Amino acid sequence: KDYRYGWTPLHLACHNKAPFEVVDALLKAWPGAVKEENSNGGTFLCKVSPLQLACCIKAPFEVTALLLKTWLCYKENRTKSAIMSLQRDTTVYTEDVVKAPRSHLLALFKNDTDSPSPNEIMDYFVRIEMWDGVSLV
């Protein structure tokens, strides 16, 4: 579909801090919208997905977790390059509730002694019931 600046209804909901139920309903209607990036223009100077947008505006953890879970359902997003693309906007991920899932995903592909072990990463994803995160470990 042709949306102004490529903003899908999911982009607009995330930008306007819509409640969890609205984001959930939009994802049920069009799960693939989670992968859509807006075009250059509008409020942001670069392309962003609804997940990146939710992180930028510090959406509640439940919304961000739902977007991340849905994003991880797509096989192409469970690759090193896709997950590492979440790192590109590190300045906008300031809330601990957003940093934790993202940092655990990134740790899977870093050879850093400060990173959590694979067991710690798996335990974390099990605790928050992010099963696609568990499958990556």
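## Close-up views of a predicted model

**View 1. K28 is exposed, with a relative accessible area of 65%.** Exposed means over 50% relative accessible area, buried under 20%, and partly exposed in between, with a 1.4 Å probe and protein chains only as cover. The structure is a predicted model, in which local features need pLDDT of at least 70 and side-chain atom pairs pLDDT 80 or more, while totals for chains, interfaces and linings use all residues. Residues are numbered from 1 along each chain as its sequence is written, and side-chain values use heavy atoms, without hydrogens or water. K28 forms a salt bridge with D24 (a side-chain nitrogen of Lys or Arg within 4 Å of a carboxyl oxygen of Asp or Glu), and their closest N and O atoms are 3.1 Å apart. Both residues belong to helix α2, 4 residues apart, or about one turn of the helix.

**View 2. Helix α2 (residues 20-29) has buried residues, namely V23, D24 and L27.** These residues cover an arc of only 100° around the axis (taken from the directions from the axis to the C-beta atoms), which puts them on the same side of α2. An α-helix has 3.6 residues a turn, so residues three or four places apart point the same way. The other side of α2 carries the exposed residues E21, K28 and A29. Helices α1 (9-15) and α4 are among the parts that cover the buried residues of α2. Helices here are DSSP runs (H or I) of at least four residues, numbered from the N terminus.

**View 3. V63 in helix α4 (residues 61-72) is buried, at 3% relative accessibility.** Beyond its neighbours within four places in sequence, V63 is in contact (heavy atoms within 4.5 Å) with A18, F20 and V23. The C-alpha atoms of V63 and L51, which are 12 residues apart in sequence, are 9.0 Å apart in space.

**View 4. H11 of helix α1 is buried, with a relative accessible area of 0%.** The side chains of H11 and T8 are joined by a polar contact of 2.9 Å; such a contact is a pair of N or O atoms within 3.5 Å, one able to donate a hydrogen and the other to accept it, and residues adjacent in sequence count only if both atoms are side-chain atoms. A polar atom of the H11 side chain also lies 3.4 Å from the backbone oxygen of E36. Residues touched by H11, apart from those up to four places away in sequence, include E37, N38, V48 and P50.

**View 5. A salt bridge joins the side chains of K35 and E76, at 2.9 Å from N to O.** K35 lies in the loop between α2 and α3 (50-56) and E76 in the loop between α4 and α5 (80-85), so the pair ties together parts that are 41 residues apart in sequence. K35 is partly exposed, at 34%, and E76 is partly exposed as well, at 42%.

**View 6. A salt bridge joins the side chains of D132 and R78, at 3.8 Å from N to O.** D132 is in helix α8 and R78 in the loop between α4 and α5, so the pair ties together parts that are 54 residues apart in sequence. D132 is partly exposed at 23%, as is R78 at 27%. In total, the structure holds 3 salt bridges.

Technical notes:
Helix = DSSP H or I, 4+ residues; strand = E, 2+ residues; numbered from the N terminus.
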